Structures are given as structure tokens and as C-alpha cells.
Amino acid sequence: MNKSAHVLLVTALMILIGCGGRPPNSQPTEFINHSRHSDAELRAIWATAQQSIAQSIDLNPLQQSNPKVPPNVLPGDIRAFDVKPNELLVDPIPDVSSQVFFVATGIRRASPTGMIPCPKPCNARYAPAYSFYHPEQTKYAASWELQPDNFNVILEYEFENHIMHTLGYDTKWR
């Protein structure tokens, strides 16, 4: 390649990258990872969530705390394997203090509480984690990072929500 062709190629790539494009053969950003866990660990949790949705879909686990509400479980959806995260923000939030949690709920929890405020449209005031879809984000109580098994379960549930939302399922009671 001659010098002028090389300069032209480098200039074109800089313009492409500067405009938000990607060089050819680059991988899309799956996660904006603010957690203490690697992207590989998050990908493994995502794969487990895909497998779970491919096997069965529980549309109302939050409603099932009421004994009068039956489970709404659907057969699995293999399209889950086609859903990939796209710049999904994974972000820990400091746990709400025991005092704040008690004043707000009347429930005593030791610190760290493992709970964070859950903004609308959440069905609960406090939760271990929550997700929004535009832009894609999952936020969770920071104390869960210190408990790898629980962290995986919490993130798997939230990643299932992302997958279900992408596939068009109602995640209102998740």
C-alpha cells in the first residue's frame, strides 16, 4: 500500500470512529460494566438467563406472593438464544440504610440491607435490583457483589427480564 492510500485509510477510519461507527470486524459493546465482575462473568450469567427463558417463562413471580394469584407460566421460547445485550449498563447502587428502610417499610433489616430504592414503574418501593429497557440498564444493591451465588441469581433474573422484554413479553409482574 502506498503512503497516500495508507493516509486515506487511516483518515477514513478516524472519521468512522469519530462518528460513532465501528471499525470492521469489531465486536459490539455488550455491557457497560460498572460491577466488580468481568464481562466474561456477565456473559455467563446472560447465557444462563437465555437457557432459563428457553425452558419456561414465569410472567408473574411478584404477584405469586399473594396466595390467591396463580402462577402464569408459559412454555419456553428458543428465540431467547438470539437476544444479546447491547450496551447494557450493569451498575451497583449503595444499599439503603437499615434506618431508612425501617422508616419507609416498618421492616427491620440488618445493614447492609441488600435493598435499593426502586423508581417507578417498579411495583415495589425497594428491591435487590431492577432493570429499565430504554436505555438498557440493570442496577442492583452493591452488597450483593460480595455474595457471588446471590449476585448471579439476582443478575440472572434481571437479564431474563431484558430478554423477555426484547421478545415482547409483559414484564410488569417480574
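Mentor: A term to start with: two strands count as paired if DSSP finds at least two bridges between them. Helices (H or I, at least four residues) and strands (E, at least two) are DSSP runs, numbered from the N terminus.

Trainee: Good. What should I keep in mind about the source?
Mentor: This is a predicted model, where local features need pLDDT of at least 70, side-chain atom pairs count only at pLDDT 80 or more, and totals for chains, interfaces and linings use all residues. Residues are numbered from 1 along each chain as its sequence is written, and side-chain values use heavy atoms, with hydrogens and water left out.

Trainee: Okay, what's the strand order in the open sheet?
Mentor: The four strands go β1-β4-β8-β7, and the pairing is mixed. At the edges sit β1 (31-33) and β7 (129-133), each pairing on one side only. From one strand to the next, the twist averages 15 degrees.

Trainee: How do β4 and β8 run, parallel or antiparallel?
Mentor: Parallel: five bridges join β4 (residues 88-93) to β8 (residues 136-141). Asp91 stands opposite Lys139 in β8, and the bridge partner of Ile93 there is Ala141.

Trainee: And what about β7 and β8?
Mentor: Those two pair in the antiparallel sense, over five bridges. A hairpin of two residues joins β7 to β8, and Phe132 faces Gln137 of β8.

Trainee: Why is β8 called largely enclosed?
Mentor: Because five of its six residues are buried, β8 is largely enclosed by the rest of the structure. Buried means under 20% relative accessible area, exposed is over 50%, and partly exposed is in between (1.4 Å probe, protein chains only).

Trainee: Switching topic: which strands does helix α4 lie across?
Mentor: Helix α4 (residues 148-167) lies across β1, β4, β7 and β8, at about 25 degrees to β7. Helix α2 (residues 39-55) lies across β1 and β4, at about 130 degrees to β1. Axes are lines fitted to C-alpha atoms, for helices over the stretch in contact (heavy atoms within 4.5 Å), and angles run from 0 to 180 degrees between N-to-C directions.

Trainee: Which backbone details would you check?
Mentor: Look at the Ser111 to Pro112 peptide bond, which is cis with omega near -5 degrees. Pro112 is in the loop between α3 (98-105) and β5 (116-117). The bond from Lys120 to Pro121 is also cis, with omega near 15 degrees.

Trainee: What's the phi of Glu87?
Mentor: Near 55 degrees, a positive value in a residue other than glycine. Glu87 lies in the loop between β3 (73-75) and β4, and is partly exposed at 41% relative accessible area.
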